[in-house]
Amino acid sequence: MDEVTLIKEKKTENWDKEVDRYNGGLFMTSIWINCISNEIIKPVYLKFLKGEENVAITAGVEICRDTGKFRQLLFYSGIAYKSKDPQLAEKCKNALYSYAKRNGYHRISIRSYDDQTYFPAKSKKYRKSERSEFVFYFEEDDISGNFSPEVRRRARKAAKNGAVLKKSDSPEMTSRLFKLIDTTYNIRQSKGHNPYSILFLPFFKSEQIRSLVGKKHALFYYTEMNGEIMSVSLVFTINKKAYGILMGTSGKGYKAGIPSFHHYEKTRLMKDEGFEYYNIGGVQQGPKYEGLRRFKKSLGAKPVRSTEEATKFINKPYSYLNPLLDTKCVLLHMNFFPWKLKKAVIQIIDLAIRKRDRY
């Protein structure tokens, strides 16, 4: 097989058509990348060539830290390949590594949000972390029948009590969303759930939400009962493909079964409106995420496996810190190690590497 080379694409006006042709995820589109980009977060569009043939594409951002001394590549949605060939995938990942090393980048992080083209492919240059996302493919299944009996029961009860699903394309709904997200977080913490990041997508905050909604690439779905908004969710949409990014529910909403109603009615509505699929988001592997995984399975969405990958530090002087990264990785996967001691050691490591492995 010919070696794979990598080029940076500068003309991006037709990029999203390329993403669609390669069945790439929503977070690989120029719509997403441009939303995230700013003065210190630069868009990066890449094509992988075998000879003169374009065999894969990806898009992400260049992150500059430490006044430009530390530069990193972050990809939200992996690499989209022309064919499912493990050898090709390995060559593409190695070509990306060589590109980063040659151009003075110090780290590569490849996330897997809405990765529709995943298949197992190894590369020794990257550490891997397994995760799954849950997706409704509307052409494949009877959506209503896929929901668990308990979810349907709670949805029917909420409907009888006056719950109604509505939509909004007003950026002003953002503040209401965040209030309900905070409420949801506090409720989960009171039930003993592990702490988690509310805004899990790097660099995606209120400003970016308002931008996407204002440009009609995101939409709020919300549930009202007796004139009170009980739940709000944010859905990122392009060409009848959708990804649920955020959702918050009030305390009253939880007691009234609103989360079940909201998911049930929203998914059925999206199917009726002709959406191709609706990705309700992902769950990391591991027992501490089992509750969230169980709830998403109860909704009837199909689990889709994917892998997040990241390199160690690539270039000097930061590559001298790789033994600390190795130690941190071992500690994070060492379940028998006393948690307080583990946490203290990781905090010391984070101080030394200044959390340059954050993204």
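Predicted model: local features only at pLDDT ≥ 70, side-chain atom pairs only at ≥ 80, totals over all residues.
Residues are numbered from 1 along each chain as its sequence is written. Local features need pLDDT of at least 70 and side-chain atom pairs count only at pLDDT 80 or more, while totals for chains, interfaces and linings use all residues, and side-chain values use heavy atoms, without hydrogens or water.

Helices α5 (residues 149–160) and α9 (residues 258–272) pack at about 95°, their axes 8 Å apart. Helices are DSSP runs of H or I with at least four residues, strands runs of E with at least two, both numbered from the N terminus. Axes are lines fitted to C-alpha atoms over the stretch in contact, and angles run from 0 to 180 degrees between N-to-C directions. The angle makes α5 roughly perpendicular to α9 (65 to 115 degrees). On the α5 side the contact (heavy atoms within 4.5 Å) is made by Val151, Arg152, Arg154, Ala155, Ala158 and Ala159, and on the α9 side by Ile258, Ser260, Phe261 and Tyr264.

There are 2 cavities of 30 Å³ or more. A cavity is a set of points on a 1 Å grid over the protein atoms alone where a 1.4 Å probe fits but cannot get out; lining residues have an atom within 4 Å of a point. Points are joined across faces, edges and corners, and the volume is the space filled by probe spheres set on them. The largest cavity has a volume of about 90 Å³, and helix α1 (residues 15–21) gives the most to its lining, with 3 residues. The second largest cavity, of about 30 Å³, has Asp114, Glu133 and Ser306 among its lining residues.

Technical notes
Parallel < 35°, antiparallel > 145°, perpendicular 65-115°, else oblique. 1 Å grid on protein atoms, 1.4 Å probe; cavity = no way out; pocket = protein on both sides within 12 Å on 5 of 7 lines; lining within 4 Å.
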